[in-house]
Amino acid sequence: MAKDYLANQLNAKVHDGEVDLDDNIIAQFPKGAVVTSSRGHGASNWNETARIDIELDGDQKSYFLKRTKGQVGGPMLHGEFESMRMIHAVIPAFSPKPLSWGKCTDSNIHYLLFEFHELKKGLPDPHRMSNVVAQLHTRSVEHNTSGKWGFHMTTYNGPIPQDNTWTNTWEENWIRAMRQLFAHERGARGPSDELDQLLPAYFEKVCPRLLRPLETRGRSIQPVLIHGDLWIGNMGTQAGSEDPLMFDSSAFWGHNEYELSYMRPMAQESGGWAEKYIESYHKLIPRSEPQGDWEARHALYATRVVVVDSALYKDKENFRKILIDLVRELVERFPEGYTGKE
C-alpha cells in the first residue's frame with residue numbers, strides 16, 4: 001500500500017474553544033446539574049466534538065458530545081448510537097456508553113452524547129487490543145438469533161451509508177454492500193474507465209471465489225458483531241486502567257476477519273503494530289477455512305476500506321489509485337472465479 005495513507009487519515013479537523021450547548025442537549029443531564037465547562041475536544045471531519053463537564057451535588061461528571069449539521073446528520077448519529085449501544089452491551093469495559101441522541105432546537109442539527117473516557121496519547125497495546133476485539137466477536141454471536149448477515153438499520157462510515165440489508169449468506173451481503181459503495185465512490189469522484197472494466201470480474205469472479213468457499217463443502221462461518229470502522233484512529237488507551245477503548249462504530253453483522261482489514265492499507269506506517277495486532281488476534285481466533293485463502297480474503301476485505309476512503313477523500317488522488325491497483329491484483333489472480341473445487 002502507498003506511503004502516507006495513514007497520515008492522510010489522521011489529518012482530521014481539531015475541535016477546540018468554547019462550545020455553546022443547545023437546550024435539548026442540556027435537558028439530557030441529570031436534574032440540578034450545572035454545566036461547568038463545554039469545550040471542543042478531539043478531531044473529526046464529519047462532526048463537531050466536545051467535552052462537557054457538569055457538577056451535581058458536589059460531584060463532577062463528564063460527557064463526550066458529537067454534533068453535526070445537515071440532512072444526513074440524524075441518520076448518521078442514530079446509526080452510531082445503535083452501533084455503540086450494541087457493542088457496549090457486549091464489551092462494556094472497552095467501549096463508551098452512548099446515552100442519547102436526537103435533534104437540537106434547530107432541527108437541522110443533531111447530537112449524540114456519550115459517557116466521557118480520558119485517553120492517553122498513542123496506540124493501545126496490540127495484544128490487549130486484539131483480545132478486546134476477539135471478545136466482541138465471540139461474545140456477540142449469541143445476540144444474533146437469526147443467524148443472518150446485515151444490521152437492523154443503516155449505519156455510516158462518515159457520511160457514507162452502508163447497505164445493511166439482511167441476507168442469508170456472507171457472499172450476498174458483501175456484494176450488495178460493495179455495489180453501493182463503489183457507486184458512492186463513482187458519484188464522489190466521477191467515472192473511471194479502469195474500474196468500469198475491472199468491476200464485473202470483481203463481482204462475478206473474485207467475490208464468489210473468495211467468499212463462497214467459506215460457506216460450502218461442509219464449511220461454515222457465523223455472523224459476529226463488527227465494529228465496522230476499526231482503524232487505529234478509532235481506538236485508544238484509557239488513562240489509568242491502560243485498557244483499550246474502541247469508539248466511532250459503524251456496525252453490522254459480518255465475517256470476523258473483515259474487522260482486521262483496516263490494518264492492511266496502513267500497515268506500512270504502523271511500525272509493526274498492525275502485524276502484531278493481526279497475529280495476536282489469530283492466536284485467539286484461528287483463520288477461517290480455507291486458511292490458504294486468508295491473504296487473498298484480507299486483500300478483498302481491504303477493498304471495502306479503500307473504496308470508502310476514496311469516496312470520503314476525493315481530493316486525494318492516491319486513494320483511487322490504491323483502489324484500482326488492489327482490485328486489478330485480485331481480478332488478475334482469480335480469472336476463473338469459483339469452480340466448486342475450492
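Which side chain makes a polar contact with the side chain of Glu 18? It is the side chain of Arg 39, at 3.1 Å. A polar contact here is a pair of N or O atoms within 3.5 Å; within protein, one must be able to donate a hydrogen and the other to accept it, and residues adjacent in sequence count only if both atoms are side-chain atoms.

Some ground rules come next. The model is predicted, with local features needing pLDDT of at least 70 and side-chain atom pairs counting only at pLDDT 80 or more, while totals for chains, interfaces and linings use all residues. Residues are numbered from 1 along each chain as its sequence is written, and side-chain values use heavy atoms, with hydrogens and water left out.

Back to Glu 18, which sits in the loop between helix 1 (5-10) and helix 2 (23-26). Helices (H or I, at least four residues) and strands (E, at least two) are DSSP runs, numbered from the N terminus. Glu 18 counts as exposed because its relative accessibility is 61%; the cut-offs are under 20% relative accessible area for buried, over 50% for exposed, and partly exposed in between (1.4 Å probe, protein chains only). Setting aside residues up to four places away in sequence, Glu 18 touches Ser 38 and Arg 39, where contact means heavy atoms within 4.5 Å. His 41 is 23 residues from Glu 18 in sequence, yet their C-alpha atoms are 9.9 Å apart in space.

Five strands make up an open, antiparallel sheet in the order 1-2-3-5-4. Strand 1 (34-40) and strand 4 (98-103) are the edges, each pairing on one side only. From one strand to the next, the twist averages 20 degrees, with axes being lines fitted to C-alpha atoms (for helices over the stretch in contact) and angles running from 0 to 180 degrees between N-to-C directions. Two strands pair if DSSP finds at least two bridges between them. Strands 1 and 2 share six antiparallel bridges, and Gly 40 stands opposite Ala 50 in strand 2. Strand 2 (residues 48-56) also pairs with strand 3 (residues 59-69), again antiparallel, over nine bridges. Along that pairing, Glu 55 faces Gln 60 and Leu 56 faces Asp 59. The hairpin of these two strands has two residues between them, and Asp 57 takes a positive phi near 55 degrees there.

On the domain level, the protein chain splits into domain 1 (8-118) and domain 2 (120-334), with bounds that come from an automatic or database domain assignment. Their centres, taken over C-alpha atoms, are 26 Å apart. Across the boundary, 26 residues of domain 1 are in contact with 38 residues of domain 2.

Asn 256 is found in the loop between strand 12 (252-254) and helix 7 (273-284). Its relative accessibility is 10%, so Asn 256 counts as buried. The side chains of Asn 256 and Tyr 281 are joined by a polar contact of 2.9 Å. Beyond neighbours within four places in sequence, Asn 256 is also in contact with residues including His 137, Val 224 and Ser 288.

Finally, helix 9 (residues 317-333) has buried residues, among them Phe 319, Arg 320 and Leu 330.
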